[in-house]
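Please keep the sequence and the model in view while reading.

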Amino acid sequence: MRKITAKAFTGTRAWEALAIETITGNTTVRLHWTDQPYQWHINDGPEVFVVLDGVVHMHTRSDGQERVHRLEVGDIFHAQSGDEHVAHPQGVARILVVEREGSV
């Protein structure tokens, strides 16, 4: 057993991750630290994105329209295969991500 304190995790680069667990051989649970946006991408599988510390503006595109969702501590963003999005932390953020290993 172990206790993980999200606020204590600091990476040396944006989107550095602490691997927490791999479930059923291909589902990963990772704690990410970042202070920089990710990249626009289209998911090739489901993703659960939970803000543990900080604020993230999640930009999404659907039917040619872009929206911005403000995610605060405790908020969950659930993306499915084919969803296009990019995360923009507002300062330092720590995020728990559950997804299929190798997914974008």
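Which order do the strands of the open sheet of 4 strands have? The order is β3-β8-β5-β6, and the pairing is antiparallel. The model described here is predicted.

**The open sheet and its edges**

The edge strands of this sheet are β3, covering residues 41-42, and β6, and each of them pairs on one side only. Strand β3 is joined to β8 in the antiparallel sense, with 2 bridges between them. Within this pairing, histidine 41 is placed opposite histidine 85 of β8.

**Histidine 85 in strand β8**

Strand β8 spans residues 84-89 and includes histidine 85. Is histidine 85 buried or exposed? A residue is called buried when its relative accessible area is under 20%. Histidine 85 has a relative accessibility of 1%, and therefore it counts as buried.

The side chain of histidine 85 forms a polar contact of 2.7 Å with the side chain of asparagine 43. When neighbours within four places in sequence are set aside, the residues in contact with histidine 85 include Gln39, Trp40, His41, Asn43 and Glu47. Met58, His59, Thr60, Phe77 and Ala79 are also among the contacts of histidine 85.

**Valine 68 in strand β6**

Valine 68 belongs to strand β6, which comprises residues 65-71. Its relative accessible area is 48%, so valine 68 is classed as partly exposed; the class called exposed requires a value over 50%.

Apart from neighbours within four places in sequence, valine 68 is in contact with His57, Met58 and His59. Valine 68 and glycine 25 are 43 residues apart along the chain, and a distance of 33 Å separates their C-alpha atoms.

Why is strand β4, residues 47-53, described as largely enclosed by the rest of the structure? The description holds because 5 of its 7 residues are buried.

Strand β4 pairs with strand β7, residues 76-79, in the antiparallel sense, and this pairing has 4 bridges. Phenylalanine 49 has phenylalanine 77 of β7 as its bridge partner. Strand β4 also pairs with strand β9, residues 93-100, again in the antiparallel sense, through 6 bridges. In that pairing, leucine 96 of β9 is the bridge partner of valine 50.

**Summary**

In this predicted model, histidine 85 is a buried residue, whereas valine 68 is partly exposed. Strand β4 pairs with β7 and with β9.

Notes. Residues are numbered from 1 along each chain as its sequence is written. This is a predicted model: local features need pLDDT of at least 70, side-chain atom pairs count only at pLDDT 80 or more; totals for chains, interfaces and linings use all residues. Side-chain values use heavy atoms; hydrogens and water are left out. Buried means under 20% relative accessible area, exposed over 50%, partly exposed in between (1.4 Å probe, protein chains only). A polar contact is a pair of N or O atoms within 3.5 Å; within protein, one must be able to donate a hydrogen and the other to accept it, and residues adjacent in sequence count only if both atoms are side-chain atoms. Contact means heavy atoms within 4.5 Å. Two strands pair if DSSP finds at least two bridges between them.
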